[in-house]
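Visitor: I would like to learn how to read a structure. Can you take me through some features, step by step?

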Amino acid sequence: MNDSINLKDYIREIPDFPKPGILFRDITPLLAEPKAFQAVVDRLADYYRDKQITAILAAEARGFIFAAPLALALGARFIPIRKPGKLPFETRAFHYELEYGSDSLEMHTDSIHSDDRVVIVDDLLATGGTISACIELARHSNAEIVGCAFLIELAFLNGREKMNGCDVFSLIHYEAE
C-alpha cells in the first residue's frame, strides 16, 4: 500500500453544484487514477482486515464503487442496498425522513443474517441520513454492525451523530465548508 498518496489531491471541488451554495466533492479524478483508487481500497481493507467481516453493505450508487472491491479484499459478501423496486427478490424496506420529504431503501431479506459482521460503506458522510437508514436495515437482521466506512467525511455537517453508536472510519476529513 502506498501511504504517501494524499487522497485529497484527487478530490475536485465544484462550487454551486448541484445547487447554489453547495461545494460538491467530485471523486471522479480519484477513480481515474488507479494508484489513488487502490490506495482507498487498501486503506479501508487494512482498517477492517482483522475484524472478521463477513459482509459489506452499500447504498447505491457511489458506495458500490468502494464497497465491491473492499468486499473482495476482505473475502466478504457484497450486499447492495437500493431504491425501491430495483431488487428482484423479496425485500425488506426502511423508510426515512429527509430535510425536504422522505425516501426508502431496500435490501434482499436473505442477504444478511444474525451471525454476520458487517461494514456499511459509502463515498461520503454528510448529514448521515442514508447511512443511518442502512444501519437500521442491517439491525432488522440482527447482524453485528462493526462500522461505517467512508472515503470523505464532511465533519462540519455532524453526520457522525446519526450513526447510532457505530464506529465511523473515514479517509478524508473536511472540518469546514
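Guide: We start with a cut-off: a residue counts as buried when its relative accessible area is under 20%, and as exposed when it is over 50%. Partly exposed lies in between. Keep in mind that this is a predicted model.

Visitor: Is E153 buried or exposed?

Guide: E153 has a relative accessible area of 3%, so it is buried. Its side chain meets that of R160 in a salt bridge, at 2.7 Å from N to O. R160 is partly exposed, because its relative accessible area is 40%.

Visitor: Why can such side chains pair?

Guide: Side chains of opposite charge can pair when their charged atoms come close. A search of the whole structure finds ten salt bridges. One of them joins K83 and D103, at 2.5 Å from N to O. K83 sits in the loop between β4 and β5, and D103 in strand β6, so the pair ties together parts 20 residues apart in sequence.

Visitor: Which helix holds both E136 and R139?

Guide: Both lie in helix α4, three residues apart, about one turn of the helix. E136 is partly exposed at 23%, and R139 is partly exposed at 34%.

Visitor: How many Å should helix α2 span?

Guide: Helix α2 has 15 residues. At 1.5 Å a residue, it should span 21 Å, and its end C-alpha atoms are 21 Å apart, which agrees.

Visitor: What do the buried residues of α2 pack against?

Guide: They pack against α1, α3, β7, β8 and β9. Among these buried residues are V40, V41, L44 and Y48.

Methods:
Residues numbered from 1 in each chain as written. Predicted model: local features only at pLDDT ≥ 70, side-chain atom pairs only at ≥ 80, totals over all residues. Heavy atoms only, no water. Helix = DSSP H or I, 4+ residues; strand = E, 2+ residues; numbered from the N terminus. Expected span 1.5 Å × (residues − 1). Buried < 20%, exposed > 50% of the residue type's maximum accessible area, 1.4 Å probe, protein only. Contact = heavy atoms within 4.5 Å. Salt bridge = Lys/Arg side-chain N within 4 Å of Asp/Glu carboxyl O.
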